[in-house]
Amino acid sequence: MIINVPPLKCQGIKTKLVTWIKDHASLSGDGQWIEPFMGSGVVGFNVRPSQAVFADINPHIINFYNAIKEGKITAAIARKFLEEEGALLQAKGQDHYYEVRERFNKSGNPLEMLFLNRSCFNGVMRFNKKGEFNVPFGHKPERFAKAYVTKIANQINYVTQATSQYDWQFICADFKEVIAKAGRGDFIYCDPPYLGRHTDYFNSWSEASEQDLYEMLNSTRARFILSTWHSNRYRANNAIEKYASHFTILTREHYYHIGASEKNRNPMLEAIVLNYNPLTLVATETEKQLALFEKAENGYVVYSSPKD
Ligand SMILES: C[S@@+](CC[C@H](N)C(=O)[O-])C[C@H]1O[C@@H](n2cnc3c(N)ncnc32)[C@H](O)[C@@H]1O
């Protein structure tokens, strides 16, 4: 499957796991796709549901996508902006990056957000305690070369097309408010911040948030997939044992790179938690056998307890 990469990046982006998640999602005909932690939006954008609610607590993400939906940001507008600001970045180097960052922290302009997100260090979104974007410069003054700007313009165009074709809403809200609205026939995809990692102003995630989320998922009438981590070389995610052992859990190995060196590849077992049994829905015979084989191998890959 060709993955359409969105114009904004964020930490924990699920580009590499989209196909796996999509293959196990179960959205019925007229139900809504509900994504309370949209981040970059890469999962729902590739599922392409005809009705969707994309939500996030970070208003800058939501403003950006609403600006696209309302035609205030188009591929042409973004191209012009990035070409002009990119030329200044090339001429003035990091001083220009920090000027734009200061401007953005006063204006909240979504085009400036795009510029920063695509030229900052590691292409992430991080905000300090005052809610100010605080990622340093990515050290590439020539960042907005023609091919790169075209790539971003195409990514914007993809969202423009989709928002004109489908009924997609973008709302800034806490996950509790969003999940509470889901009903039977809807499908919720949750990708909350991982506890103890990636924390910043819009990503403060505590034990209490984790517990609230599982409580809501326990009582929802909608089907859901929750992305989380299962274990890494050093420890296991005890929230799975604590809150999710009665759900279906599928895992998959994923490698995170720290720096450029191959030896810094950190294996992580990613998990998806589902309140239905996907094997009866989508799995081929080979997949079913593989799942059983994996379960026998390590004892934890599939616990299945279908909800209905
Ligand atoms: C791991 S990221 C989601 C990544 C996304 N699935 C992707 O592939 O790009 C988690 C997101 O949850 C948002 N978030 C954190 N706390 C939240 C809350 N209480 N309610 C709603 N969204 C929240 C963050 O702003 C962040 O964008």
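Predicted model: local features only at pLDDT ≥ 70, side-chain atom pairs only at ≥ 80, totals over all residues.

Analyst: Strand 1 (residues 33–35) pairs with strand 2 in the parallel sense, over three bridges. Within this pair, Glu35 stands opposite Phe54 of strand 2. To get from strand 1 to strand 2 the chain passes through helix 2 (residues 42–47), a β-α-β crossover that is right-handed.

User: How many bridges join strand 2 to strand 3?

Analyst: Six bridges join them, and strand 3 (residues 167–172) runs parallel to strand 2. As one case, Ala55 has Ile171 of strand 3 as its bridge partner.

User: Why is strand 2 described as largely enclosed?

Analyst: A residue is buried if 20 or more other C-beta atoms lie within 10 Å of its own. Five of the six residues of strand 2 (residues 51–56) are buried, so the rest of the structure largely encloses this strand.

User: Which residues of helix 5 are buried?

Analyst: They are His96, Tyr97, Val100, Arg101 and Phe104. Their arc around the axis is only 140°, so they lie on the same side of helix 5. Helix 5 itself (residues 94–107) has 14 residues and spans 20 Å from its first C-alpha to its last, close to the 20 Å expected at 1.5 Å a residue.

User: What classes of residue make up the shell around the ligand?

Analyst: The shell has 11 nonpolar, five polar and four charged residues. Of the 20 residues that surround the ligand, the closest are Gly12, Lys14, Phe37, Gly39 and Ser40.

Notes. Residues numbered from 1 in each chain as written. Buried ≥ 20, exposed ≤ 12 C-beta atoms within 10 Å, placed from the backbone. Helix = DSSP H or I, 4+ residues; strand = E, 2+ residues; numbered from the N terminus. Pairing = 2+ DSSP bridges. Right-handed = clockwise from strand over helix to strand, strands pointing away. Near = placed C-beta within 6 Å. Nonpolar A, V, L, I, M, F, W, Y, C, P; charged D, E, K, R; others polar. Expected span 1.5 Å × (residues − 1). Arc of directions from axis to C-beta.
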